[in-house]
Amino acid sequence: MAVANNNALISYVFHVEGVVDGPHTTALERALEAIDGVHAHVVYPTHTAWVTAPRATDVAKLITAFEDNGVTATLTDSSIHRRDREESFPLRKRAVVPDRTMRVAQRAGWFIHSKPVPQPLHDTLYTPRHLITWARVIIAIVFTVPVLALTYMEELQFYGWQWALAVVSAPVVIWCAWPFHRAFLGGVRRGVATLDGASSIAIVSAYLWSLGTLFLTPAGDPEWSAAPDWFGVFNEGPEFFYDVACGITALLLFGRRLSLQTRPSLAADVARERVDPESEVTVVYKGQHLETPVNELNPGDDVSLKPGQRVPFDGMVVGGSATIRPSVVEPSGRRTVSVDDTVFAGALIIDKPLKIRVVRSGHGTRAAAVERWVGTVQNRLRKRMEEATKTASRIIPIAFFVAVLAGIVWYVSTRHAVAAFAVYLSVLAVVAPTAYALAAALPLRLGVEVAARRGILVREGVTFRTLRDMDTVVFNRVGSLVEQEMTVRDVTVARGEDPELVLRVAAALCMESNHPASQALVHAARQSRDNDSGRTQYWVDVEAVDIDVSGNFTARIELKVGETTHEVDARLWRPRHLAELRGPLGRAAVSGGTPLVVSWAGKDRGVISLRDRVKDDAVESINQLEYMGLSTVLLSRDTYPVARRFASRLGMSQVLAGMAAGDKPKSVRGLKVRGAHVAMVGDVSVTEVLKVADAGILLSDSVPVLPTEEEDRPGRDAVIMRRDVSAVPELFRMARSVCQVVDRNYAITTVYNIAGVAVALSGVLHPMAATLLMLVCSLLVDLGSNTVRR
């Protein structure tokens with residue numbers, strides 16, 4: 001009998017109220033993680049806290065930790081149900097070796113996770129993909145070749161050859177062409193025309209005509225022989241159309257199958273990289289190596305993986321160095337990883353073993369999140385393209401009506417039944433409704449998948465056209481154009497002030513913040529204390545720290561003057577205008593870098609200038625956007641001289657400087673009022689600005705929640721999960737490429753269908769030639785759509 005393991009981890013989700021800002025989340029996480037065995041992650045925008053704790057940890061203790069930090073925490077319903085279930089049925093770790101009963105059941109076929117099978121497309125307007133198999137293609141070709149040879153080469157025709165063709169053609173017309181017939185009959189039952197309906201009618205009509213000719217005309221004589229004329233209008237005698245029935249079937253099957261083979265599927269690639277959740281990996285725990293199923297891994301577990309194994313979770317390397325082949329949702333190729341590097345689920349280890357600490361597993365991995373996002377977007381895209389597909393399907397009854405009318409007109413005017421029937425078949429065979437239906441749907445679907453493979457998530461297909469129409473790209477400086485790490489460049493103080501004390505006061509004010517600027521101040525102050533000569537106050541105590549909407553810190557601090565300690569109000573703030581500072585401090589604020597002003601007791605004491613490193617590809621990326629005709633704008637809280645200097649270094653067109661967080665949405669609205677079509681690029685700190693722009697491009701290391709279709713301005717039209725700036729011009733190039741392909745496809749299909757029907761009506765187009773032309777048009781659309789992958 002298994003005994004409950006009190007060290008097993010349980011995850012809880014809390015709704016939190018009272019979280020005031022980003023730094024507050026860091027304080028909460030530290031308070032929770034002070035409890036033994038607890039790991040916490042607080043998400044400020046969604047007011048959600050994810051907590052993983054040992055089973056023995058009392059939930060009330062976690063809630064108390066929240067309350068001690070001024071936050072009200074409430075367990076979600078799912079967490080309450082999970083806790084109740086665990087109390088009734090304690091968690092047990094799976095045994096390393098399954099018992100005998102389980103092995104017997106597995107040998108009998110139970111509990112076996114089969115490989116994912118592609119689901120058939122249930123939209124009745126399309127021919128079911130799962131029925132278009134290579135077996136049908138091969139059999140159709142094998143039977144069609146002798147049919148064509150006997151039909152067109154009179155010297156090969158033997159006694160009773162036409163009767164043999166009737167038998168040989170039957171499997172092709174009935175079984176091989178069954179996908180088209182099935183789709184056509186399903187459409188008739190539902191009162192709609194399927195996209196391959198015209199081909200189904202043409203196949204059946206050609207075969208039935210041939211049987212009628214066989215039984216009702218002299219052509220049924222076993223000694224009769226003749227070769228058809230590709231120009232049916234000049235053929236006055238009886239003629240068989242077995243070649244048309246079999247040729248249309250074989251060509252259609254081959255073309256459709258070839259199209260399916262050339263279309264990549266992100267879901268299929270992710271499924272191939274997915275590790276069986278029942279498979280076991282080696283967990284290293286206190287020097288022991290435990291074989292543990294993948295579906296029982298918990299965040300924090302250290303897993304040892306060998307060369308040739310795939311990483312089944314997202315994690316961080318804690319031991320070893322190896323070459324890996326990243327998963328399909330990572331844009332990079334083979335790379336070498338070592339300690340502190342991040343790896344994602346699906347990566348293949350090439351040469352050396354690695355020890356990796358689990359961060360996210362199961363449905364929480366990046367690959368799973370990207371797969372869900374892309375799947376949802378494609379479902380939405382499919383719904384939006386239904387109208388275009390229905391429009392394409394209306395071509396079928398129109399084509400059938402035109403074909404019948406043309407056949408009647410030809411027969412009345414020429415009295416040649418064969419020529420009239422050939423025109424009828426040619427009209428049915430030449431129309432390409434499938435190409436018209438896929439003209440937009442295919443490139444948009446491929447564009448969404450290709451973007452995901454390059455680390456870019458697109459909200460919906462129409463986003464590509466939205467991005468194509470943009471003429472202005474606004475960058476928030478922090479989070480998009482500079483690296484996250486910042487350093488202190490210099491400290492300028494007012495007359496009589498101690499620069500070391502100014503630095504330590506600034507660090508004390510922002511100690512709990514995780515902003516790069518705050519971390520730079522804390523790091524510099526720590527170095528200052530390490531080199532302290534004893535003349536400056538070593539530690540500055542603070543209380544009642546507050547951060548206003550502009551990101552300025554205020555607090556009460558204790559300063560020593562001689563042997564006396566005084567409590568004074570202190571402030572760490574960022575100047576926005578030149579008039580806010582004068583003298584040496586004013587000159588320091590515009591000399592370069594990001595200025596932060598330290599004040600206490602109502603007086604400005606010094607300016608700390610921070611340096612942040614521009615991303616390596618920022619200049620080239622800005623140049624590419626400008627070359628594409630897009631005006632680039634820098635949005636910054638810095639004073640204008642500092643922001644203008646930074647923008648000039650990158651080659652940006654315009655600057656919006658001195659903008660506090662609350663003013664940034666207004667500045668973007670101002671650009672729109674002046675007629676600009678604005679795309680905003682920034683991280684989660686400028687979410688409100690992203691919502692205001694015509695297109696919001698979010699920079700994020702994780703996959704956010706996909707906005708619902710009802711959200712008018714979600715601020716996440718596209719999500720870039722990369723740190724390089726080059727992803728931005730890449731996204732705009734991709735949007736233009738996708739839209740260009742869509743427009744070209746529509747032009748090709750429109751011109752082709754009009755011209756093809758006109759030529760078919762003239763009587764100079766043989767049905768086989770019409771089928772070839774239709775297939776060429778479909779392949780042009782298919783191959784042209786695949787160019788979005790370049």
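**Entry 1. Ground rules.** I number residues from 1 along each chain as its sequence is written, and side-chain values use heavy atoms, with hydrogens and water left out. The model is predicted, so local features need pLDDT of at least 70 and side-chain atom pairs count only at pLDDT 80 or more, while totals for chains, interfaces and linings use all residues.

**Entry 2. The whole protein.** I looked up the secondary structure and found 25 helices and 26 strands. Both are DSSP runs numbered from the N terminus: helices are H or I with at least four residues, strands are E with at least two. Of the 790 residues, 50% count as buried. Buried stands for under 20% relative accessible area, exposed for over 50%, and partly exposed for what lies in between, with a 1.4 Å probe and protein chains only. I then looked at contacts, meaning heavy atoms within 4.5 Å. Among contacts between residues at least 6 apart in sequence, 69% join residues at least 24 apart.

**Entry 3. Cysteines.** How many disulfides are there? The count comes to 0, with a disulfide taken as a pair of cysteine sulfur atoms within 2.5 Å. I also checked the burial of two cysteines. Cys510 is buried, at a relative accessible area of 0%, and Cys739 is buried at 2%.

**Entry 4. Helices α5 and α6.** Two packed helices are described by the angle between their axes and the distance between the axes. Axes are lines fitted to C-alpha atoms, for helices over the stretch in contact, and angles run from 0 to 180 degrees between N-to-C directions. Helix α5 (residues 134–152) packs on helix α6 (residues 161–176) at about 155°, with the axes 10 Å apart. The two are therefore roughly antiparallel to each other. For that wording, angles under 35 degrees are roughly parallel, over 145 roughly antiparallel, 65 to 115 roughly perpendicular, and the rest oblique. The crossing of α5 and α6 is left-handed, a term for a near helix turned anticlockwise from the far one by less than a right angle; clockwise would be right-handed. On the α5 side the contact includes Ile139, Phe143, Val147 and Leu150, and on the α6 side it includes Trp161, Leu165, Val168 and Trp175. I sorted the residues of this contact by type: 14 nonpolar, 3 polar and 1 charged. Here Ala, Val, Leu, Ile, Met, Phe, Trp, Tyr, Cys and Pro count as nonpolar, Asp, Glu, Lys and Arg as charged, and the others, Gly among them, as polar.

Entry 5. Ala170 is found in helix α6. Leaving aside neighbours within four places in sequence, Ala170 is in contact with Trp175 and Tyr207. I noted that Ala170 and Cys246 are 76 residues apart in sequence and 8.9 Å apart in space, C-alpha to C-alpha. His181 is found in helix α7 (residues 178–190). Is His181 buried or exposed? At 9% relative accessibility, His181 counts as buried. With neighbours within four places again left aside, His181 is in contact with Val173, Ile174, Ser200, Ile203 and Val204.

**Entry 6. Helices α8 and α14.** Helix α8 (residues 197–216) and helix α14 (residues 417–430) pack at an angle of about 155°, their axes 8 Å apart. That makes α8 roughly antiparallel to α14. Their crossing is left-handed. Which residues meet? Ala198, Ile201, Ala202, Ser205, Ala206 and Trp209 in α8 meet Ala417, Val418, Phe421, Tyr424, Leu425 and Leu428 in α14.

**Entry 7. Helices α24 and α25.** Helix α24 (residues 727–761) and helix α25 (residues 767–785) pack at about 170°, with axes 9 Å apart. They are therefore roughly antiparallel to each other. The residues that meet include Ile748 and Tyr752 in α24, and Leu773, Met774 and Val781 in α25. This contact divides into 8 nonpolar, 4 polar and 1 charged.

Entry 8. Ala544 is found in strand β17 (residues 542–547). Its phi is near 55°, a positive value in a residue other than glycine. Ala544 is exposed, with a relative accessible area of 61%. Ala601 also has phi near 55° and is found in the loop between β20 (594–600) and β21 (603–614). Thr57 is found in the loop between β3 (48–54) and α2 (59–68), and is buried at 14% relative accessible area.
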